[in-house]
Amino acid sequence: MMPTRVSVLLKRLQFGRRAVIAFPLVWLTLFFLLPFALVLKISLSEAAIAIPPYGPLLEYADQTLHIFLSLGNYLFLLSDSLYVAAYWGSVKTAFMATSICLLIGYPMAYAMARAPARWQLLLLLLVMLPSWTSFLIRVYAWMGILSNSGLINNLLIGIGLIDSPIRMMNTQFAVTIGIVYAYLPFMVLPLYAHLARLDNSLLEAAADLGSRKINTFVKVTLPLSMGGIVAGSMLVFIPAVGEFVIPELLGGPNTLMIGKVLWEEFFLNRDWPVASALAMVMLLLLLVPIVWFHRYQSRELE
Amino acid sequence: MGNIHKLSAAVVAISFAAAASAAHANEVRVFNWSDYIAPETLEKFTERTGIEVTYDVYDSNETLDAALLAGRSGYDVVVPSTHYFTRQISAGVYQPLNPELLPNLSNLNAELMANLEGIDAGGEYSVPYMWGTNGLGYNVDRVREILGDDAPVDSWALLFDPEITTALSDAGCGLSMLDSGDEMLSPAMAYLGLDPLSENIEDLEAGGELIAGVRNNMTYFHSSRYVADLANGDICVAAGYSGDIFQAAERAEEAGRDFSVGYSIPKEGAALWFDLMAVPADAPNTENAHAFINFILDPEIAAEITEYVRYANPNAAANEYLSEEILNDPAIYPETDTMQNLYVAIEKPQNVQRARTRIWNRVKSGR
């Protein structure tokens, strides 16, 4: 009798498992795979003056099925240095912003995790509260702070430190500040989560064995918070690469980022296929850090 | 025309899109530029015809173009600008208008309509809504103070001449250009004495080079930020849309600034544009769309809109209802010899369009 009962249980378990897996699967299919397939499809078609503004991939005529796959859009991206420069500009800006976020975010998260327990909730709230205001309004606020007749310049001129305003708006500097400001919470929160879980007895053990504070930090705290560093860096880097709004509002003529180039292909050149190819390449570029992140995470779980 | 209230327009468009999905028996769905109609106009239309209006707004031709090219926009009347129109006709976006339903067509200014022959011959698909120019907005007092009384405010030199722009920029007087190769390369070519509508890549390159030479004196390239900055005094010379610059001038006056903002149409030539009312091929309420267009062609209504938005209308019969102040303002209704130097941007072949965007990108980023 036992084997049948076990197999019934196993069957039920399997059904349950499937049901549990089905939900994220359906979600992924609907919101990731389908749009991905659509963009891939457009990226392989040819631009046309029509509704929609690209040609078909399949055509059935004279009892033959014609399949059109145009790789020209991808080759075109290689033919012009603009696209490579724009990808590079985005990656550079995102990397810079991520590094600064880490440099500012780590001490913040560390201080929060070491703070007395009754303070921690308040500190967490202070990190998150600004994001309750609209993202756009916060970026606009930076325009008011950085502009020639803005807060900083008026203050510096007011106390007589400078005569004419320092140009900060519409520069790479402003873009970096904007991205760092907007994404800092995404760096602080995972770091905090890791640091708060840190087992105090490990630090005590290190101290007992005569390790200095700096040595303990480098050899115990830092390696144990690596997961948080990686998670936070990915959460900042990935959206920063595709960022469009911040460079559009705070950036200047020198700011060349892929989000803007994509916008131009789509809206100015009205070339949906090339715009789609650009988006596909950007996705592939982002896939590298995502896969790396995933590997790191699964290794950590083991 | 320009885009000022990007954020609010987007919010309004979203909230209206929700309302628009609830179908109405006797209605017309209009998709127009933001801040581009008088406050009473829609109410009057409903009073006169009994047709309810669902009115949504956009802030750029690109937004409208993407909505139309994706298909099934659900709108009955849309108002694209001239340089987007021809391509949209070829893509099959619009249906021909029925002149029998538009008795007010006779009010249109025939001389002005001649400018539209290259866009939509005979007005088969469109009726102009308003028109305007792209010229120079400038801070009258600051520019005089820096360049003296004979500052060339009636010339593109104010924006393209290396010496003049350096003098302005060094004096802390910011300059800006529209962030659009379409809109800046043509004036650059006109300033060089070339055909502003040239499709010759060498001409375009020459225009690009001219702008590259003054690029470092530009504070930024942006198509709407200059409105607020001209009014605040952060920028003192800007290439811009006529109506946007009038708005900046008004704001500066309201805020009691110690300077005034002026608008000029440069003598080398400037862009003349029309926003055209058209009916999408898949419009659900074709007849009501015609009723709406005919209503806008009513002289009193056209005059009322012009008084409010300060863009000229193409309605000859409307002149008698306009105030002297607007009718005699050469910035809104330019004099005849200025009109002769204006050009209407036409649709460009894909390779020329791409070359323009590319040259523009290189000029802007210095690559």
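Two residues are taken to be in contact if their C-beta atoms, placed from the backbone, lie within 7 Å. By that criterion, 30 residues of chain B are in contact with 23 residues of chain A. The structure is a predicted model, in which local features need pLDDT of at least 70 and side-chain atom pairs count only at pLDDT 80 or more, while totals for chains, interfaces and linings use all residues. Residues are numbered from 1 along each chain as its sequence is written, and chains are lettered from A in the order in which they are written.

On the side of chain B that touches chain A, at least two residues each are supplied by α3 (61-70), α4 (82-90), β6 (220-221) and α17; these elements are DSSP runs numbered from the N terminus, with helices being H or I of at least four residues and strands E of at least two. The largest share, eight residues, comes from α17(B). Sorted by type, this side of chain B holds nine nonpolar, twelve polar and nine charged residues, where Ala, Val, Leu, Ile, Met, Phe, Trp, Tyr, Cys and Pro count as nonpolar, Asp, Glu, Lys and Arg as charged, and the others, Gly among them, as polar.

The two chains are set out below, with a residue called buried if 20 or more other C-beta atoms lie within 10 Å of its own.

| Chain | Elements | C-alpha box | Buried residues |
|---|---|---|---|
| Chain A | 13 helices, two strands | roughly 90 × 85 × 35 Å | 29% of 302 residues |

Chain A has a radius of gyration of 26 Å, whereas a compact globule of 302 residues would have one near 19 Å. Chain B has a radius of gyration of 21 Å, close to the 21 Å that the rule gives for 367 residues, so chain B is as compact as a globular protein of that length.

Within chain B, helix α9 (residues 181-191) packs against helix α17 (residues 350-365) at an angle of about 85°, with their axes 9 Å apart; the axes are lines fitted to C-alpha atoms over the stretch in contact, and angles run from 0 to 180 degrees between N-to-C directions. That angle makes α9(B) roughly perpendicular to α17(B), a term that covers 65 to 115 degrees. G181(B), D182(B) and L185(B) of α9(B) meet R356(B), T357(B), I359(B) and W360(B) of α17(B) in this contact.

Conventions. The radius of gyration is taken over C-alpha atoms; the globule rule is 2.2 Å times the number of residues to the power 0.38. A residue is buried if 20 or more other C-beta atoms lie within 10 Å of its own, exposed if 12 or fewer, and partly exposed in between; C-beta atoms are placed from the backbone. Angles under 35 degrees count as roughly parallel, over 145 as roughly antiparallel, 65 to 115 as roughly perpendicular and the rest as oblique.
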